[in-house]
Amino acid sequence: MSSCSSCSSASGCASKGNPGGAGCMESAMARQDQIIADRLAHIRHKIFVMSGKGGVGKSSVTVNTAAALAHRGFKVGILDVDMHGPSVPNLLGLKATIEMNERNELIPAMYNENLAVISMDSFLQDRDQAILWRGPKKTAAIRQFLSDVAWGPLDFLLIDSPPGTGDEHMTILKTITDAQSVAVTTPQEISLADVRKAVNFLQVAEGKVLGVVENMSGLVCPHCHQEIDLFKKGGGEELAKHYGIPFLGAIPLDPATVVAADRGVPVVYLEQDCPAKQAFLHLADAIVQAADSGAAKLVGKS
């Protein structure tokens, strides 16, 4: 049994001087770690979607990729760990709040029979309310999402993260040791510069990288159907080559994506065909192939 002197939480622990007692924070964390491990054992692939920069469409990529995987018949969950700007429920048009079952487990909100969601946004009575939390409280909430949610067996759990490389990202990589990270960027240098920082974070944290996705990659004109390189094109693929990691695909700018998001419907579930819909279906297939083949790798120092 560990001693209180070696515990980082000893100063605020109700069981100080009685290691392993009913109020021992270290023992409680160990118990929660075991519960999380048991939950995650029923999830085949954990995909951590991140970017060092905001505004690259990370949540849109997460939601539409998850929807494309569900459309392909996989059981999929989305864990939204963006505590201050959760947008996944809005992108899916989910209005339901989170309920509990008879075992006091949280029941994720169901979009359809193959797609379930947990987001802080679903816990709020007023969805315009700001979350004013510091790091420890965010860490505790993420761990609770992982330990207390009755996900059941899943093929994929996609984890949508906030911009940057902070508490949420470190908590996920520390808690889900087999997470496979997908870096989302846009083609222009202002985005690539921050994504390089995110890759550097994964190098330091020894996180496995599944690949890179280039979002907003060109625009297909809805009238003449010609492609316009509105924000340039190819920067994400060049970044992937530089670090020796897979390039998973490019998602074009598409007015249908905006319409779908405002309606709360993933673009892959629109009846009409469009460039973004096909791109997300191809991206989902690439992620399945990469994840099943064990392509995720540690990124070497450049």
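**Cavities**

I started with a search of the whole structure, a predicted model, and it returned three cavities of 30 Å³ or more.

Next I asked which residues line the second largest cavity. I noted Ser60, Val63, Asn64, Leu91, Thr257, Ala260, Ala261, Val265, Pro266 and Val267. Helix 2 (58–71) and helix 8 (255–263) are the elements that give two or more residues to this lining.

**Strand 2**

Then I turned to strand 2 and wondered: is it buried or exposed? Five of the five residues in strand 2 (residues 76–80) are buried, so the strand is largely enclosed by the rest of the structure.

I also checked which way the side chains go. In a regular strand they alternate between the two faces of the sheet. Here Val76, Ile78 and Asp80 point one way from strand 2, while Gly77 and Leu79 point the other way, and all are buried. I made a note of Asp80 among the buried residues.

**Neighbours of strand 2**

Which strands are joined to strand 2 by bridges? One is strand 6 (residues 115–119), which runs parallel to strand 2 and is joined to it by five bridges; there I found Gly77 opposite Ala116. Strand 7 (residues 154–160) also runs parallel to strand 2, with five bridges joining the two, and in that pairing Leu79 stands opposite Ile159.

Note on methods. Residues numbered from 1 in each chain as written. Predicted model: local features only at pLDDT ≥ 70, side-chain atom pairs only at ≥ 80, totals over all residues. Heavy atoms only, no water. 1 Å grid on protein atoms, 1.4 Å probe; cavity = no way out; pocket = protein on both sides within 12 Å on 5 of 7 lines; lining within 4 Å. Points joined across faces, edges and corners; volume = space filled by probe spheres on them. Helix = DSSP H or I, 4+ residues; strand = E, 2+ residues; numbered from the N terminus. Buried < 20%, exposed > 50% of the residue type's maximum accessible area, 1.4 Å probe, protein only. Pairing = 2+ DSSP bridges.
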